[in-house]
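Here are my notes on the aromatic contacts and one annotated segment. Please read them beside the coordinates.

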Number of protein chains: 2
Amino acid sequence: MSNRPGGRSARVRADVLDATYAELVQRGYLGMTVENVADRAGVHKTTVYRRWGTVDVLIADALDSSRDVEWPVPDTGTLEGDLIAIATEVVDVFTDPGRSAVPEAVVTAALQSSRARRAKKDFYAARHAQAAVVVTRAIQRGEVPADTDPVEVVRQTCAPLYYRIFITDEPIDRATAEHAARTALAAARAGLLAT
Amino acid sequence: MSNRPGGRSARVRADVLDATYAELVQRGYLGMTVENVADRAGVHKTTVYRRWGTVDVLIADALDSSRDVEWPVPDTGTLEGDLIAIATEVVDVFTDPGRSAVPEAVVTAALQSSRARRAKKDFYAARHAQAAVVVTRAIQRGEVPADTDPVEVVRQTCAPLYYRIFITDEPIDRATAEHAARTALAAARAGLLAT
């Protein structure tokens, strides 16, 4: 059966959520409308209104759908290399306007809508769990103390970058990423990031 | 002369900017209007439109006006105590809805408006410079290496808290504040936060 149950509905959802991301990039959170998402997806707007209702629900569903997508967790052989790769990916996203528009819109949406806020929280929890694998492997290799909190190492790596991006609006580049990664690593090695 | 030149104009500005903060707390960035600010300030709306024009300019001017206000920089006698006080103040603001509304609105506004973004950047740069005094004093006391970057210690103290607040939506409390402060202090002592 090539036409599995739910196939058409799943395709509509995929098209609408792709259109949601594209509209976020083009117009931002405040410029986005349900009508424009429906137009771009080639779906009747009443379908989108009935199934999602508001822009906030569209954004939340788009986040939910991408939450569990396989994410290429780095595996460079050292925790330093892996943390630098994670930090550099954050810098690469936020120095590319075509990619930074989505997380910027998500932060805005989460400040306006509890549904979007919950989806953002779940999204970052999933990303933390995925990224923490690099620390778990490093514990097994004996690179950091056995009681290191893997998620806390990820937080310490990413937090200084997001702080510059969303709060202080200070520049970020590869050197900022490496500094954040190396500081987190040193803190972990010194036993400061224990569970 | 009790009625100094510019006195009335300065009073109108103070009233309008107070009203801007109050409206931000009550309605948030998206709910705020120039009319409501004018009404609350008891100023004719054409005056507010002529002088500020938009909500974004009102927010930016409110930030500019509070940027250089004296801020009670902690002076507990140790860098640990001072950094814990700074981190605890962040936690106290963001666990009080009446106080967190303003910085949340400022982050939203800065994502929409370049004028608000510039004001936010200048505001945090000024706060960093003020708070960094606690590190400068600690260098003079010999608590941390002489080449420690004072602002970087402040960033490392605050970043994990703002990351939880705006990005991952994870809980913060006094223990989170102390952990952030102590981790930043240990990193500084280990020479990781040098200029």
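1. Helices (H or I, at least four residues) and strands (E, at least two) are DSSP runs, numbered from the N terminus. Over residues 33-52 of chain A, the chain is 75% helix and 0% strand. The end C-alpha atoms of that stretch are 12 Å apart. UniProt lists residues 33-52 of chain A as "DNA-binding region", in an unreviewed entry. UniProt positions follow the numbering used here, feature names are shortened, and annotations may be inferred rather than shown by experiment.

2. The model is predicted: local features need pLDDT of at least 70, side-chain atom pairs count only at pLDDT 80 or more, and totals for chains, interfaces and linings use all residues. Residues are numbered from 1 along each chain as its sequence is written, chains are lettered from A and ligands numbered from 1 in the order written, and side-chain values use heavy atoms, without hydrogens and water.

3. Rings of Phe, Tyr and Trp (its six-membered ring) pair if their centres lie within 6.5 Å; planes under 30 degrees apart are stacked, over 60 edge-to-face, the rest tilted. The count is twelve aromatic pairs over all chains. Phe94(A) and Tyr162(A) have ring centres 5.5 Å apart and planes at 75°, so they are edge-to-face. Phe94(A) sits in helix H5 (residues 79-94) and Tyr162(A) in helix H9 (residues 150-168), both of chain A, 68 residues apart.

4. Buried means under 20% relative accessible area, exposed over 50%, partly exposed in between (1.4 Å probe, protein chains only). Tyr162(A) is buried at 8%. Tyr124(A) also pairs edge-to-face with Tyr162(A), at 6.2 Å and 90°.
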